[in-house]
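Please look over the model below before reading the points that follow.

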Amino acid sequence: MGFMKKYVSKHWKLFLVAVFFVSMEALADLLQPTIMSHILDVGVAEKRLDYVLRMGGLMLIITALGAVAASLRNIVASHVSQKFGTELRADLFEKIQSLSFTNIERFERASLITRLTNDVTQVQNFVNGLMRIFVKAPLLCIGSLIMAVRLNPHLAVVLLIVVPIVGVLVALNLKVGFTRFVGVQKALDGVNRVIREYLSGVRVVKAFNRFDHEAGKFQEANTDYQNKSIQVTRLLAIFNPSILLTVNFGIVAVLWLGAWRVNQHQMQVGHIVAFVNYMTQILFALMTISLVFNMFVRAKASANRIGEVFTQVNEMTWEDSAALPAHRPGGRIDFENVSFGYEGSAGEPVLKNINMTCLPGETIGIIGSTGSGKSSLVSLVPRFYDTSSGSICVDGVDIRQLDPAKLRDRIAIVPQKTILFSGTIEENLRWGHEQATNDEIVHAANMAEAHSFIAACPEGYETRLGQRGVNLSGGQKQRLSIARALVRKPDILILDDCTSALDTATETKIKQSLKAFAADVTCLIIAQRITSVMDADKVVVMDDGEIVGIGTHETLMKSCRVYVEICQSQFGKELPHVKAE
Ligand code: DGT
Ligand code: MG
């Protein structure tokens, strides 16, 4: 929980102010029963009205001061805890942002969401509680004990028995509670995960009529959450009344003992009233303390989970001084003996011994059966992942020395799975380049054959997209995604199967525009159709994570068996020729 240090050093002063006010409040509460006993034993017993009035006035003043302290404490405590919660959430969000894919994939997405929301709230609540009731409870408890013993040592014998029993109960509660609360938190993760998966795939779920199945999964997670929560509540249901019972027995004992002593004329009634008052305060304080422990346990479990994210060390390191050379045209990429495997997939490498060079301005087609590692190969260039062995250089600089942000500035990607964000079309296109002029945006949209359909929308570029662009067709989304990449004017352009949802005519038009655009841009084009890549400067053929052929269409037709097989499967025996331009 080292991450808390920062906030402690930032907020401890105000925290202490709140604690000061809480102590004032507790002090006011502690004085009341004693004054009360004086009023009874002196004022009432001796029928001295002036004494009653005087002490009554004192009581009023003390109560008023207590109330003022309580208000101030409330204000300070809310301020500190809200600020703390907001800062913690912001820092956690920033941390998650800064982590590499590999780091993030160690957590489930659902659990990252609960960590950001529920866990932060738990810790925030605890901090808030610390400044309110949590400090007050022990103060009241110890204070009441002292005041009670001072008031009447004979009655205090009862406390000698009651307090240890309650202490043991609270300790037991704490011990048994911890693992249970951790379990509750995990179960809540489960519920979030199921909902997330369902919502992100809601159309597919409905299309396949899998609602019952999904509902079943939800039911399961929900029931698990219920059971775990019930277990915890049951625990509280046993411990809290036991504490209550013990203290109430104590009160009865005090009444009995006190009545006996009053009968013997060894003490006055006022003492009994005051003593019972202190006992109730102790009871209240102990109940709160067990609540505090429960909240502490919950907050600790949450803090651990937040700490897990904070302690992730970003595996991607770089040298601040390293920079890509400024000379143009840039965009040379060298793969040298690159191997790569995703973490957790049994160490099986997805890419093996990749060697290739892409020169500035070259267009490289990448083709291969599904799962052969094409997307994985191109995802290494913007350093989404680091290679397991071997190196990748961009413009002669090993990308492991480069700040990924600087590297990615030079690269534009059209991912295989189109992802758009809620906002207007223009806002989405500006992701490519914030400062792009309107002309540049329209130009990019034109190249991606997106301008005509955008212009046909009543609101044109101001058309709002739903989350992930749900109000667009697959092909429209793909074209926006291409335009977004073109707005960037990158050195390296990566197109991952980005024309899969387009008809051949549109694809051809886009390819022609790209040719002019990409004259000095290194283009990596992944495609399923041979026709999409056959006129590239070089075609890379992938099979099972390896490059089995590099060359032009003609050379590959002569030398690469896999390429010929792909070709035959797409065209039959009649093999096409590259059109002379
Ligand atoms: P495609 O798009 O269907 O034509 O296939 P490729 O060639 O783009 O294949 P790719 O690179 O997506 O996948 C290669 C292998 O890597 C495949 O066995 C699945 C695995 N893989 C891909 N993405 C991930 C990932 O994010 N995590 C893990 N653990 N494995 C992945
Ligand atoms: Mg792919």
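**Notes on the model**

1. Asn209 sits in the loop that links α6 (202-207) to α7 (211-263); helices here are DSSP runs of H or I with at least four residues, strands are runs of E with at least two, and both are numbered from the N terminus. Asn209 is exposed, at a relative accessible area of 68%. On this scale buried is under 20% relative accessible area, exposed is over 50%, and partly exposed is in between, using a 1.4 Å probe and the protein chains only. Asn209 is not a glycine, yet its phi is positive, about 50°.

2. Some ground rules apply. The model is predicted, local features need pLDDT of at least 70, side-chain atom pairs count only at pLDDT 80 or more, and totals for chains, interfaces and linings use all residues. Residues are numbered from 1 along each chain as its sequence is written, chains are lettered from A and ligands numbered from 1 in the order in which they are written, and side-chain values use heavy atoms, with hydrogens and water left out.

3. Glu449 is in the loop between α12 (438-447) and α13 (451-456). Its relative accessible area is 19%, so Glu449 counts as buried.

4. Which protein atoms are donors to the magnesium ion (ligand 2)? They are OG of Ser375 and OE1 of Gln416, at 1.9 to 2.2 Å from the ion. Ser375 belongs to helix α9 (residues 374-379) and Gln416 to the loop between β6 (411-414) and β7 (423-424), so the pair ties together parts that are 41 residues apart in sequence. Donors are N, O and S atoms within 2.8 Å of the metal (3.2 Å for Na, K and Ca), and sites may look incomplete because water is not among the atoms.

5. Ligand 1 has around it Tyr342, Val350, Tyr385, Gln416 and Gln528, together with Thr370, Gly371, Ser372, Gly373, Lys374, Ser375 and Ser376. A residue is listed if one of its heavy atoms lies within 4 Å of the ligand. By class, this shell holds eight polar, three nonpolar and one charged residues. In that scheme Ala, Val, Leu, Ile, Met, Phe, Trp, Tyr, Cys and Pro are nonpolar, Asp, Glu, Lys and Arg are charged, and the others, Gly among them, are polar.

6. Several side chains of the shell come within polar reach of oxygen atoms of ligand 1. The distance is 2.6 Å for an N or O atom in the side chain of Gln416, 2.7 Å for one in Lys374, and 3.3 Å for a polar side-chain atom of Gln528. Taken alone, ligand 1 exposes 640 Å², of which the protein buries 62%; accessible areas come from the Shrake-Rupley method with a 1.4 Å probe, and for residues only the protein chains shown count as cover.

7. Glu362 lies in the loop between β2 (351-358) and β3 (363-368). Its relative accessibility is 14%, so Glu362 counts as buried. The side chain of Glu362 makes a polar contact of 3.5 Å with the side chain of Lys538. A polar contact is a pair of N or O atoms within 3.5 Å; within protein, one must be able to donate a hydrogen and the other to accept it, and residues adjacent in sequence count only if both atoms are side-chain atoms.

8. An unreviewed UniProt entry lists "domain: ABC transmembrane type-1" at residues 16-298. UniProt positions follow the numbering used here, feature names are shortened, and annotations may be inferred rather than shown by experiment. In the model, residues 16-298 are 92% helix and 0% strand, and the end C-alpha atoms lie 23 Å apart.

9. Met36 is in helix α1 (residues 4-44) and is partly exposed, with a relative accessible area of 29%. Met36 and Val273 are 237 residues apart along the chain, and their C-alpha atoms are separated by 8.0 Å.
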